[in-house]
Structure formats: structure tokens, C-alpha cells
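Welcome! Let's take a friendly tour of how side chains meet inside a folded protein.

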Amino acid sequence: HIQYERMDGDVTMRCGSLDSDASVTWKVNGTDVKAHHREEGSRLILMEVDLSNNGLYSCFQNPNGERRDQINLRIGTSPREPTVTCRSNTYPKGFYCSWHLQHPTSIPTDFDVTVLPWLSPDPTSLEVTRDVVHKNRCHVLFPEVFSSYPYRVNVTAVNALGKASTTITFEEINIVKPDPPERVVATPIPSNVRRLEVTWNSPSTWPDVEIFPLKYFLRYRPLIRDQWQHVELTDSTAHTITDAYAGKEYIIQVAAKDMEIGTWSDWSVAVHATPWMDKPQQIPFTTEQEPLLGTYPNPNPNPNPNRSPPPPSRNHSSVRTPTLTPTLTPTDPLHHRAGTAPRYVPQP
């Protein structure tokens, strides 16, 4: 069986129906009990327990070792008053209430919910439907539209160690809060460098936008700035931003509210957009490439590289014309700048 006990207290476990002075051996999860404890006959007493003491405790009668009992020990706390909020995002169909515990109990805890039309001549509890997805949420249908009576909601948290309740009272007009607008899209307008076209849909959870119209609140700013700009719109799901900074990325969000009652929704999911940007004009240009270092071809190549050039003619004048031969110096190749001709010096 399961035994629930309070945190930080002492816990006594008894070995089934054995006499209090019977000799037994205790195990937890199949091993010896190592936590701070003492044994009194067939009883096991744990001292100042915490969550580490959770486990399956078994007792065995001596001397034959027959198991006489098993106890699933669970340590926790009694609940404190839950936090309760109610909201109508489907006005005028109904509303929902949600709750949570600020301090966990560490053991299973249930919640009882009752809803009454407060001060009504017929204060009959309204039908409460638990949410199939959110375990700490319930749904309630409005018994009438534009009720003149407030509603009182009581939520009681209950577990094996205790219970605690919270009660709130409200008028229906004060809990109306639509869900955020959906499918927000921001589009640049061709050839308009300071405009963005923003469109969105009313929240799909709002039952009848024709009979209960919504108004919208648009905010936008460039990413380079922290200050928002705002526009309030009546019964419209589109707006053109005309004062955007050219070429700057913008972040845009939209909220919704019933035209007459309630509060603004949360902001929609943020979208990003940049106004239209003209394509930069291509400007043709050329660059002159510097000549590369290398060998220069001989303007009069020897047709037969294996033959020596012919000797000078005997008919030539006795005056010898010096031959110009390139000489490498620290300022010549390979040290001179590419494209500069080598310096020539005469050779006898």
C-alpha cells in the first residue's frame, strides 16, 4: 500500500498485523535501510524525512525471512492556496479558468472547481468541463449574454496531506481578452523605399467578428532602435507603414481587443521585414594589369640553337663596337619593380 507523509517529520511504518514486539528485518528497494532511523520491535521509524526517503519498504519476519508487508512511502506537503485566473477569449460563448500551485507538493494533488452566478436569485452551480490538454484548466459556458450578475469561482487543491482553497469574483466584461491576431505578414511595396504593407487575420478563437468586432493595435520599430511606434486601427486587418527608414529591417506585432469591453490581447508573434530596396546600378570599370616578372624573348632568335653564331667578318672595321650585355645589380631584376627594363653596361 501507499503511505503519504509530511516533509521534515518523523515517519513510523508498521509491519502488517505483526505484534509490536515481533522481530523483523526492514529493507528499502531491496537494500538495507541507511537513512537515519531506529527500530522498535516490528516498527521502523525514519527521522526528519525528505524526498530521498521515498521508496518501497519491505519487512521480513525473523528468523524464517518471510515477507509480511510492503509499503510505498511518498514524502510531500499539503497544498497551499492555488493561484486562479479566468479569461474569455471566445466571448460571448464562455470563459475558461486556469490555476497552479506556487509551491509543489511532490505528491498527487487534485483540484475541485465550482462556478456560481454570484448574487443571482438562482445560484445554481454552472457546468464545468475540464480541458483535455491542459490538466489545470476548465471551461464554462455563459448562461446568458450581458449578465448583470458577477461570477464566483472556487478552486480547492486537495491531496492526502491536506487542502486549500482560492475564490475569485468577477464580471464578464472584465475578463474578455481575445487571443493575439494570426498570420501577420509584412511586405515591401515595390519602388517605395519607406513603406511596408502589413496584413493579419483576426484570432480564429473569436466566435463572431461581425457581431462582436475587434479593434487592433499595431506596433513597429527598426531593429536599430528600441522605441516603438504605434497605430490603433478600428475594424481593419491591414495597414501601410509610410515612415519606415529606407533599407532598415523592421520588427512588427499586432494586438486585438473587443471594441467596447475587456482588455488587449497579448502581442502576436513578431514578424520581420525590410522596405523595398532599389538594386544598385552596375558601373563598368577596367583595371590595368601590371606586367609580371619573367624572361624577355630575343627579338632575333637563333634558328639553330645547337650551332654557334658565325664569327665576325674580316671585312669589318678594326674599330670594335661594344656589345651591350645586361648586368644584374641590387636595383635590377630580380630586385627592380616589374616592368622596368634592366640596366645595360658595355662589355669590351
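Here is a short briefing on cores, charged pairs and aromatic rings. Keep in mind that this is a predicted model. Its largest nonpolar core has 42 residues, and the counts come to six salt bridges and 13 aromatic pairs.

**Nonpolar cores**

- Within the largest nonpolar core, the residues that touch the most other members are Phe95, Val153, Val198, Leu218, Ile241 and Ile252.
- Take leucine 218 as an example: beyond its neighbours within four places in sequence, its contacts include Val198, Ile241 and Ile252, along with Gln229, His230 and His239.
- There is also a second, separate core of 17 residues, and among them are Ala22, Val33, Leu44 and Cys59.

**Salt bridges**

- Side chains of opposite charge can pair when their charged atoms come close.
- Lysine 27 and aspartate 32 form a salt bridge, at 2.5 Å from N to O. Lysine 27 is partly exposed, at 26% relative accessibility, and aspartate 32 is partly exposed too, at 45%.
- Arginine 87 pairs with aspartate 179, with their closest N and O atoms 2.4 Å apart.
- Glutamate 232 and lysine 215 make another salt bridge, with 3.5 Å between the closest N and O atoms. Glutamate 232 belongs to strand S19 and lysine 215 to strand S18, so the pair links parts 17 residues apart in sequence. Here glutamate 232 is partly exposed, at 45%, whereas lysine 215 is buried, at 17%.

**Aromatic rings**

- A pair of aromatic rings is described by the distance of the centres and the angle of the planes.
- Phenylalanine 95 and phenylalanine 170 pair edge-to-face, with centres 5.5 Å apart and 85° between the planes. Phenylalanine 95 lies in strand S10 and phenylalanine 170 in strand S15, so the pair ties together parts 75 residues apart in sequence. Both of these phenylalanines are buried.
- Phenylalanine 142 and tyrosine 151 form a tilted pair, at 5.8 Å centre to centre and 55° between the planes. Phenylalanine 142 is buried at 10% relative accessibility, and tyrosine 151 is buried at 0%.
- One aromatic cluster is formed by Tyr91, Phe95, Phe142, Phe146, Tyr151, Phe170 and Phe212.

**Charges over rings**

- The charged end of arginine 137 sits over the ring of tyrosine 96, 4.4 Å from its centre.
- Over the ring of tryptophan 118 sits the charged end of arginine 152, 3.6 Å from the ring centre.

Note on methods: Residues are numbered from 1 along each chain as its sequence is written. This is a predicted model: local features need pLDDT of at least 70, side-chain atom pairs count only at pLDDT 80 or more; totals for chains, interfaces and linings use all residues. Side-chain values use heavy atoms; hydrogens and water are left out. A nonpolar core is a set of buried Ala, Val, Leu, Ile, Met, Phe, Trp, Tyr and Cys residues joined through side-chain atoms within 4.5 Å. Buried means under 20% relative accessible area, exposed over 50%, partly exposed in between (1.4 Å probe, protein chains only). Contact means heavy atoms within 4.5 Å. A salt bridge is a side-chain nitrogen of Lys or Arg within 4 Å of a carboxyl oxygen of Asp or Glu. Helices (H or I, at least four residues) and strands (E, at least two) are DSSP runs, numbered from the N terminus. Rings of Phe, Tyr and Trp (its six-membered ring) pair if their centres lie within 6.5 Å; planes under 30 degrees apart count as stacked, over 60 as edge-to-face and the rest as tilted. A charge sits over a ring if NZ of Lys or CZ of Arg is within 6 Å of the ring centre and within 35 degrees of the ring normal.
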